[in-house]
Amino acid sequence: MAGEAQADCLFCKIVEGSIPATVVRETETTVAFRDINPQAPTHVLVIPKAHYPDAAGLAAAEPSLMADVLREAGEVAAQDKVDATGYRVVFNTGVGAGQTVFHAHAHVLGGRGFEWPPG
Ligand code: 5GP
Ligand code: ZN
């Protein structure tokens, strides 16, 4: 059922604590942890504790939870002091866009310059 932990989901396991992660922030509804393969000096993933496969599904099912994720993305940027210089929040959605973990997550990237359009 939507929102329930999935036994085969890597990020549900990080929420449960059965797979370790470098957690930088946690709220009642979200966890933020450093990406294992960082693409920038700050590269943090913000996830809802509840399982939704992608960002659009999360936003449709639980808009306030999506708002929690976006607010936490801003808090992570402030905590890592990349908010003043600028940072990027990315939701890869679907295999063609590079999504590899099908538990909704915001990438928060900062601490270097970024190109536009993205690759
Ligand atoms: P996606 O490609 O789905 O947008 O992002 C998934 C992200 O999860 C990737 O940037 C990848 O490096 C990260 N990742 C994959 N496995 C792990 C893990 O076990 N721990 C952490 N902290 N990050 C992971
Ligand atoms: Zn999950």
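**View 1. The side chain of T30 makes a polar contact with the side chain of T27, at 2.6 Å.** A polar contact is a pair of N or O atoms within 3.5 Å; within protein, one must be able to donate a hydrogen and the other to accept it, and residues adjacent in sequence count only if both atoms are side-chain atoms. This is a predicted model, in which local features need pLDDT of at least 70 and side-chain atom pairs count only at pLDDT 80 or more, while totals for chains, interfaces and linings use all residues. Residues are numbered from 1 along each chain as its sequence is written, chains are lettered from A and ligands numbered from 1 in the order in which they are written, and side-chain values use heavy atoms, with hydrogens and water left out. T30 is found in strand 2; strands (E, at least two residues) and helices (H or I, at least four) are DSSP runs, numbered from the N terminus. With a relative accessible area of 1%, T30 is buried. Buried means under 20% relative accessible area, exposed over 50%, and partly exposed in between (1.4 Å probe, protein chains only). Apart from neighbours within four places in sequence, T30 is in contact with I47, P48, K49, D68, V69 and E72, where contact means heavy atoms within 4.5 Å.

View 2. C12 in helix 1 (residues 10-16) and H51 in the loop between strand 3 (42-48) and helix 2 (55-61) link distant parts of the chain, 39 residues apart. Both C12 and H51 are buried.

**View 3. Ligand 1 has polar backbone and side-chain atoms around it.** A backbone N or O atom of R34 lies 2.9 Å from a nitrogen atom of ligand 1. A polar side-chain atom of N92 is 2.9 Å from an oxygen atom of the ligand.

**View 4. I19 is found in the loop between helix 1 and strand 1 (23-26).** I19 counts as partly exposed, at 28% relative accessibility. Beyond its neighbours within four places in sequence, I19 is in contact with L10, K13 and I14.
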